[in-house]
Amino acid sequence: KNLKTKIEQILPPELKPDDVLDKAGMEVRFDPEKKQCWLTQEVELTPKETRTFEVAIRNVWAISGDEIGEVRAELEKGAAALKTTKYAATGKLVFEKAMETLGRIEEEESKAIGIKQRIELYRAHRKELDNLRTNTFSLLGMQRFEEENKSGVREVQFMIVAQNPSDSQTQMMVRSLLPKEITGEDVLNKQGFKLLYDEREGRHGLEREDSFGPKEEKKYVITLRDVWFIPAAELGLVKTQTEKLMVLFKGSPYEAFAKQRGDYIQKAVSEINLLQTEVASSTAIEDRARAYVLNSQRLEMAKKKMHELQDMVLELSLKQTDSAMGKLRNLLVKKLVKLVQSKSLVVMAMGVNPNTPMVWWLIIGTLLFLALLSGTFYFTWLKKLQEQKWIKKKEAPAKIAKAA
């Protein structure tokens with residue numbers, strides 16, 4: 001008996017409907033929520049029949065030379081902009097390392113084989129390019145680079161074990177997913193593996209073909225950056241910024257509240273350092289990962305408290321400005337009162353009758369002018385401070401790169 005059935009094939013997310021060049025009689029559909037295409041067709045199969053549909057698609061899994069050139073030009077501008085700063089030497093070294101990464105990407109792109117490997121290699125390269133664009137010259141990135149140059153890169157070992165189950169010599173594809181926190185730049189020694197990116201798992205992986213003897217087992221030790229360690233530079237920056245902010249609240253109505261926030265931040269930094277010291281000797285990545293989850297939560301909360309202190313500085317500035325303007329208004333009023341009280345002597349000395357309407361209009365006009373000047377000055381500063389506060393709140397905190 002013949003069987004009627006609907007076949008469906010989901011396409012990789014990089015493909016758009018126009019990228020399907022030959023549909024082989026199938027219908028292309030697009031899911032706007034998942035932003036993904038799929039092929040579908042209703043077919044009738046006879047008993048034991050197998051049908052194959054060959055679909056032609058555009059090769060969109062390739063990093064163009066033009067795009068790599070654009071990234072290279074962006075990095076050159078970034079390095080040039082640092083030449084007059086204290087990060088000039090570090091920027092030069094970071095730039096050279098980024099150029100090495102670009103060169104490796106170009107080489108690997110030209111050697112990709114097989115559609116599956118090409119797709120996953122492309123995704124890994126795309127991640128690396130995005131990282132180069134956004135994090136190469138970030139403050140935390142350069143601080144991490146300086147720290148690694150001084151004390152060395154903190155490393156952890158990741159073991160891959162593979163075994164030939166057969167009784168004969170064979171070529172095997174060895175493949176392993178990396179921990180989800182690992183990015184392309186965190187793989188320091190790949191042991192001949194290709195770095196890929198598994199879209200379904202949402203993490204990087206390693207793959208290589210190797211020859212195995214009968215029942216042979218092989219172990220590969222991959223060197224990774226210890227991304228589960230929050231660098232001293234990052235913790236030191238939070239601690240130093242908090243100490244500078246605390247000074248601004250001395251003698252203000254916010255001093256007690258600010259101290260409570262500051263104590264919380266300093267305690268969080270101390271707890272992070274203590275836990276990192278406890279797990280430093282552990283060779284198990286799982287121990288470091290668990291500690292990192294807790295420490296990341298502590299650091300995130302500490303930064304939130306620090307941002308509250310930064311916002312409070314703006315509030316304090318507004319109140320101090322308001323107080324200063326109040327003193328200025330009081331001073332102007334006192335001066336004007338004295339002017340009114342002494343108007344008779346002044347205008348009589350000028351040979352003018354002090355009781356004429358003209359004299360009173362001159363005094364009133366002076367009062368209005370000074371009031372307008374005072375108000376303009378006050379609202380100008382108020383608007384400026386409020387704009388600074390708005391900009392501060394609108395800015396999203398930079399994303400912190402994982403570092404050793």
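The largest nonpolar core of this predicted model has 38 residues, and Ile160, Leu178, Ile222, Leu224 and Trp228 have the most contacts inside it. A nonpolar core is here a set of buried Ala, Val, Leu, Ile, Met, Phe, Trp, Tyr and Cys residues joined through side-chain atoms within 4.5 Å. Because the model is predicted, local features need pLDDT of at least 70 and side-chain atom pairs count only at pLDDT 80 or more, while totals for chains, interfaces and linings use all residues. Residues are numbered from 1 along each chain as its sequence is written, and side-chain values use heavy atoms, with hydrogens and water left out.

- A second, separate core of 21 residues includes Leu39, Ile63, Val71 and Tyr122.

- Helix α2 (residues 88–111) has 24 residues and reaches 35 Å from its first C-alpha to its last, close to the 34 Å expected at 1.5 Å a residue; the expected span is 1.5 Å times one less than the number of residues.
- Among the buried residues of α2 are Val94, Phe95, Ala98, Met99, Leu102 and Ile105, where buried means under 20% relative accessible area, exposed over 50% and partly exposed in between (1.4 Å probe, protein chains only).
- The cover over the buried residues of α2 includes α1 (65–81), α3 (115–135) and α4 (139–151).
- Helix α6 (residues 255–279) has 25 residues and spans 37 Å from first C-alpha to last, close to the expected 36 Å.
- Buried residues of α6 include Ala258, Ile265, Ala268, Val269, Ile272 and Leu275.
- An α-helix has 3.6 residues a turn, so residues three or four places apart point the same way.

**Aromatic rings and charges**

- One aromatic pair is found in a search of the whole structure; rings of Phe, Tyr and Trp (its six-membered ring) pair if their centres lie within 6.5 Å, with planes under 30 degrees apart counted as stacked, over 60 as edge-to-face and the rest as tilted.
- The pair is edge-to-face because the rings of Phe193 and Tyr220 have centres 5.1 Å apart and planes at 90 degrees.
- Phe193 lies in the loop between β8 (187–189) and β9 (194–198) and Tyr220 in strand β11 (residues 217–225), so the pair ties together parts 27 residues apart in sequence.
- Phe193 is buried at 3% relative accessible area, and Tyr220 is buried at 7%.
- The charged end of Arg208 sits over the ring of Phe193, 5.5 Å from its centre; this requires NZ of Lys or CZ of Arg within 6 Å of the ring centre and within 35 degrees of the ring normal.
- Lys305 likewise has its charged end over the ring of Tyr264, 5.3 Å from the centre.

- Asp19 lies in the loop between β1 (3–10) and β2 (20–22) and is buried, with a relative accessible area of 10%.
- The side chain of Asp19 makes a polar contact with that of Arg58 at 2.7 Å; a polar contact is a pair of N or O atoms within 3.5 Å, where within protein one must be able to donate a hydrogen and the other to accept it, and residues adjacent in sequence count only if both atoms are side-chain atoms.
- Phe30, in strand β3 (residues 27–31), is partly exposed at 37% relative accessible area.
- Phe30 and Leu11 are 19 residues apart in sequence and 9.8 Å apart in space, C-alpha to C-alpha.

Key. Helix = DSSP H or I, 4+ residues; strand = E, 2+ residues; numbered from the N terminus. Contact = heavy atoms within 4.5 Å.
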